[in-house]
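Dear colleague,

I am handing over a structure for you to look through, and my notes on what was found in it follow below. Please read them alongside the coordinates.

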Amino acid sequence: MAGLMATRAVGRWAHWVDNVDGNSPATSGFVVVLLVAGHEAAAVLQDYADLAALLVPAANAEPGVAGYARVVYDDTVVGPVTETPASNKQGWTLPDDLAALTGVAAGADISAAVICYAPDTGGADGTFVPMHVEEFAADVSTNGSDFDYDFPAADLLSATAS
């Protein structure tokens, strides 16, 4: 698996994590959107200003099978940015798995997750800002069972001062 920080998230991601962790605004959160195989390269996906624009190209499609839903993380599950002064580093990750998807019907080959900051998780896709694109090492074919994906245990997003 390989991940890229989205261009708009550089320098902003820690602030967005603090917003969600601090419940400010109360509607804020992170929305994880899965993409099927054949999407644009991560280097292209990282440059979209919002999720609505990212989903315009037909290649950047969400799974269209029963049981798929976007996963929303709010302040009840999002932890703070961790700081490691000895190495001048900040890091953050999402809870370990995407286990909220149960019984995802067969017929989708999923190959990436786009993690978006949403000032209002019930808002329009045009308000969701892509933060991180996580490409899977291999496509995952849905087969009617639960869809589980483990995010890195630490430092999904990180920054180091030099």
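**Salt bridges around arginine 70**

In this predicted model, the side chains of arginine 70 and glutamate 62 come together in a salt bridge, with a distance of 2.7 Å from N to O. Arginine 70 is partly exposed, its relative accessible area being 27%, and glutamate 62 is likewise partly exposed, at 23%.

The side chain of arginine 70 also meets that of aspartate 125 in a salt bridge, here at 2.6 Å from N to O. This pair links distant parts of the chain, since arginine 70 lies in the loop between α3 (51-54) and β3 (71-73), whereas aspartate 125 lies in the loop between β6 (109-118) and β7 (129-141), 55 residues apart.

Taken together, salt bridges that share partners join Glu62, Arg70 and Asp125 into one network, and the structure holds 2 salt bridges.

Within the protein chain, confidence is highest in α3, at 97, and lowest in strand β8 (residues 157-160), where the mean is 64.

With best regards

Conventions
Residues are numbered from 1 along each chain as its sequence is written. This is a predicted model: local features need pLDDT of at least 70, side-chain atom pairs count only at pLDDT 80 or more; totals for chains, interfaces and linings use all residues. Side-chain values use heavy atoms; hydrogens and water are left out. A salt bridge is a side-chain nitrogen of Lys or Arg within 4 Å of a carboxyl oxygen of Asp or Glu. Buried means under 20% relative accessible area, exposed over 50%, partly exposed in between (1.4 Å probe, protein chains only). Helices (H or I, at least four residues) and strands (E, at least two) are DSSP runs, numbered from the N terminus. pLDDT is the predictor's confidence in each residue, from 0 to 100.
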